[in-house]
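Here are a few quick notes to read alongside the model. Have the structure open while you go through them.

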Amino acid sequence: MTTDSIEAANRLNAVRDTMGRAARLTGRTADDITLIAVSKTQDAAAIQPLIAAGQRVFGENRVQEAQDKWPQLRAETPGITLHLVGQLQSNKAADAVALFDVIHSLDRPSLLTALAKAMDVADKRLPCFIQVNIGAEEQKGGCPISETPALIRAARDADIPVAGLMCVPPANVEPAPYFALLAKIARDEGIDQLSMGMSGDFETAIMLGATHIRVGTALFGERASPARPVPASGRGMIRNSREG
Ligand SMILES: *Cc1c(COP(=O)(O)O)cnc(C)c1O
């Protein structure tokens with residue numbers, strides 16, 4: 001084993017241990033929770049050791065970047081599942097449907113229309129999480145809470161499999177109330193899967209019912225550069241978001 005692969009295995013074990021502790025408090029085990037390794041900005045050399053350590057579920061936040069990296073990695077290892085965890089433009093819906101297995105960012109009617117059409121053309125139904133703007137933050141993606149029930153109904157009417165609800169709570173505040181709120185909305189809508197929790201708060205998210213956690217930094221280390229280019233005029237705003 002190389003140093004990289006030992007380190008990747010150690011990080012994966014540490015995350016899974018923490019998952020197990022939190023899961024037991026809700027009568028579950030780590031295996032009941034899907035760990036999505038968010039590999040945005042990581043190159044193939046950084047991803048391969050985690051695959052070697054046994055991780056098979058990965059998340060990316062940009063369609064183009066995922067198209068550049070994953071066809072080759074998937075050819076090397078069968079059985080990889082790819083989740084899109086970032087905002088999706090309607091004009092990229094067809095590309096997203098072609099590449100990904102699950103989408104976590106369905107958050108508006110126009111995207112729903114584009115995804116339904118892309119799924120019809122591809123003759124493929126992708127499970128989608130409805131992303132909820134749980135902190136009512138202007139700069140963030142996600143469906144307003146008040147419009148979420150209608151979006152869920154519209155997705156079901158369009159024959160899009162609604163897998164669950166997803167959120168990214170506001171940065172730098174206690175996330176638990178937001179996780180609890182997402183869980184309540186899901187219960188009210190008869191939805192049982194919750195995509196919530198990142199490196200800094202996945203333990204709390206699991207205790208509050210997360211079924212899918214999206215973890216980057218705790219598995220790969222700090223990202224070298226921001227996931228998205230930061231326009232000079234937008235710096236203040238970006239610094240306040242989790243993209244930090
Ligand atoms: C980057 C990202 C994550 C992972 O964040 P970490 O803090 O590195 O674990 C999770 N979800 C989304 C939507 C992301 O963009």
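1. First, the annotation. An unreviewed UniProt entry puts the feature "domain: Alanine racemase N-terminal" at residues 31–223. Keep in mind that what you're looking at is a predicted model. Across residues 31–223, the chain comes out as 40% helix and 17% strand, with 27 Å between the end C-alpha atoms.

2. Now have a look at strand β4, residues 102–106. Of its 5 residues, 5 are buried, so the strand is largely enclosed by the rest of the structure. "Buried" here means 20 or more other C-beta atoms within 10 Å of the residue's own.

3. On one pairing of β4, the partner is β3 (residues 81–84): the two strands run parallel and are joined by 2 bridges.

4. Together with helix α5 (residues 109–122), β4 and β5 form a right-handed β-α-β unit.

5. Last, the ligand. How many residues surround the ligand, and which are the closest? There are 15, and the closest are Met198, Ser199, Arg214, Gly216 and Thr217. At least two residues of the shell come from β8 (212–215), and at least two from α9 (217–220). By type, the shell splits into 7 nonpolar, 6 polar and 2 charged residues.

Definitions and conventions:
Residues are numbered from 1 along each chain as its sequence is written. This is a predicted model: local features need pLDDT of at least 70, side-chain atom pairs count only at pLDDT 80 or more; totals for chains, interfaces and linings use all residues. UniProt positions are given in the numbering used here, feature names are shortened, and annotations may be inferred rather than shown by experiment. Helices (H or I, at least four residues) and strands (E, at least two) are DSSP runs, numbered from the N terminus. A residue is buried if 20 or more other C-beta atoms lie within 10 Å of its own, exposed if 12 or fewer, and partly exposed in between; C-beta atoms are placed from the backbone. Two strands pair if DSSP finds at least two bridges between them. A crossover is right-handed if, with the strands pointing away from the viewer, the path from the first strand over the helix to the second runs clockwise. A residue is near a molecule or strand if its C-beta atom, placed from the backbone, lies within 6 Å of it. Ala, Val, Leu, Ile, Met, Phe, Trp, Tyr, Cys and Pro count as nonpolar, Asp, Glu, Lys and Arg as charged, and the others, Gly among them, as polar.
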